[in-house]
Amino acid sequence: MTRPRQERAVRTREAILMAAAEVFDEFGYSAAGVSKILQRAGVTQGAMYFHFKSKEDLGRAVLVEQAAALALPEVAAGLQQLIDLTLFLGFELQRDVLLRAGVRLAVEQGEAGLRDFTVYRMWIDRFRAELDAARERGELLPQVDTAEFARVLVASFTGTQLMSDVESGRQDLPSQIAVLWNYMLPGIAIPAALARLTVDVERGRAML
């Protein structure tokens, strides 16, 4: 009996989390009432509060777990993989509501009463791993600080996706990320690496 209950509890938590992601993505944190989330999830208030103590707790879970379902490369491989990864994330933001809601909450933390840098740190660390691999492969210019550029890249990606959301509902996001890379790469990559790197939107789509 224990395992079926545990499995049921896991499914219930996932249903609440995804319903919250949908509502946060659609309405924003402030307008996302608990009643809307419960109705979307098809669960009782008691079931929600068993897993999440408050709306703020639920918002934090969406924020932190935004990338939980993403199939990211396990081994860092350098600049080409980093370029492809950001393009892949551009496509995922078009279709993955948990990722999209988590990104929105990361930007709207003030409304949620949160000041949590965890998710930004996660992406900085993930991008830096690729940059460190690029350093080992001799792809980076000597003056590039991988920690600094990883932070710059996360900030630039965040701003690009925000502008794309306002302008086109993120329909042009992958192509805008490609434009970003075309301007940034000459500032970080040695000429030999530039000659073999490809900023190709379709490479990001192929990772889906």
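Student: D165: buried, exposed or partly exposed?
Tutor: Partly exposed, in this predicted model. D165 has a relative accessibility of 34%. That falls between the cut-offs of 20% and 50%, so D165 is called partly exposed.

Student: Which residue does D165 form a salt bridge with?
Tutor: R170. The closest N and O atoms of D165 and R170 are 3.8 Å apart.

Student: And how accessible is R170?
Tutor: R170 has a relative accessible area of 6%. Buried means under 20%, so R170 counts as buried.

Student: Where does R170 lie?
Tutor: In the loop between α9 and α10, with α10 covering residues 173–184.

Student: What is R170 in contact with, leaving aside neighbours within four places in sequence?
Tutor: L93, Q94, R100, Q161, S164 and D165.

Student: What about the phi of R170?
Tutor: Phi is near 70°. That is a positive value, and R170 is not a glycine. Most residues other than glycine have a negative phi.

Student: New topic. Which residues does E139 form salt bridges with?
Tutor: R137 is one of them, with the closest N and O atoms 3.1 Å apart. R196 also pairs with E139, and there the closest N and O atoms are 4.0 Å apart.

Student: Where do R196 and E139 sit in the chain?
Tutor: R196 is in helix α11, residues 191–196. E139 is in the loop between α8 (118–136) and α9 (146–168). The two are 57 residues apart, and the pair links distant parts of the chain.

Student: Is E139 buried or exposed?
Tutor: Buried, with a relative accessible area of 3%.

Student: And R196, what is its relative accessible area?
Tutor: R196 comes out at 48%, which makes R196 partly exposed.

Student: Why do side chains like these pair at all?
Tutor: Side chains of opposite charge can pair when their charged atoms come close.

Student: How many salt bridges does the count come to?
Tutor: The count comes to 15 salt bridges.

How values were computed
Residues numbered from 1 in each chain as written. Predicted model: local features only at pLDDT ≥ 70, side-chain atom pairs only at ≥ 80, totals over all residues. Heavy atoms only, no water. Salt bridge = Lys/Arg side-chain N within 4 Å of Asp/Glu carboxyl O. Buried < 20%, exposed > 50% of the residue type's maximum accessible area, 1.4 Å probe, protein only. Helix = DSSP H or I, 4+ residues; strand = E, 2+ residues; numbered from the N terminus. Contact = heavy atoms within 4.5 Å.
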